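Please take the chain shown here as a whole before turning to its details. The paragraphs that follow move from secondary structure to single side chains.

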Amino acid sequence: MKVVWKLESASVRDVHQHLNAGRAVAYTTVLTMMRILEQKGYVTKTRVDRAFVYRPARPRQQVIGDMVREFVDRVFDGASRPMLLHLVKRTKLSPRERAALLRAIEEIEE
């Protein structure tokens, strides 16, 4: 999804080439992921010549929210508290990050 957002529109080949610049990824893996993203409604595809071109179907923040919710549901049985505790315990937060996190919690509680 990040590649499609960055490129604004991309074929499977475009995404594959972009990902392979950082690490080896099989073309079929990229094809499968693009199909899944389309099935979930995160991207739309249109035929251009002989290839499909994918574009974001929804705003980035909405997709991220949906993906996080799906992850929490699948891994933490829908409970976000264990995930948040895990992240806070396993991540070294700077004093500035810790203060920002506490402010965000206070804002939510108000």
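Helices (H or I, at least four residues) and strands (E, at least two) are taken as DSSP runs and numbered from the N terminus. The model is a predicted one, in which local features need pLDDT of at least 70 and side-chain atom pairs count only at pLDDT 80 or more, while totals for chains, interfaces and linings use all residues. Residues are numbered from 1 along each chain as its sequence is written, and side-chain values use heavy atoms, with hydrogens and water left out.

Six helices and three strands are found in the chain, and along the sequence they follow the pattern α-β-α-α-β-β-α-α-α. The radius of gyration, taken over C-alpha atoms, is 18 Å, well over the 13 Å that the globule rule (2.2 Å times the number of residues to the power 0.38) gives for 110 residues, so the chain is more spread out than a compact globule. Along the principal axes, the C-alpha atoms fill a box of roughly 55 × 25 × 25 Å.

Two strands are said to pair if DSSP finds at least two bridges between them. Strand S2 (residues 43-48) runs antiparallel to S3, to which six bridges join it, and Thr46 has Val53 in S3 as its bridge partner. The hairpin of S2 and S3 has two residues between the strands, and Asp49 takes a positive phi near 55 degrees there. Strand S3 (residues 51-56) is also joined by two bridges to strand S1 (residues 10-11), again in antiparallel fashion, with Tyr54 as the bridge partner of Ala10.

A charge sits over a ring if NZ of Lys or CZ of Arg is within 6 Å of the ring centre and within 35 degrees of the ring normal. The charged end of Lys45 sits over the ring of Phe52 at 4.1 Å from its centre, and Arg47 lies over the face of Phe52 at 4.7 Å from the ring centre.

In helix H2 (residues 12-20) lies His16, which is buried (under 20% relative accessible area, with exposed meaning over 50% and partly exposed in between, for a 1.4 Å probe and protein chains only), its own value being 17%. Leaving aside residues up to four places away in sequence, His16 touches Val25, Ala26, Tyr27 and Val30, where contact means heavy atoms within 4.5 Å.
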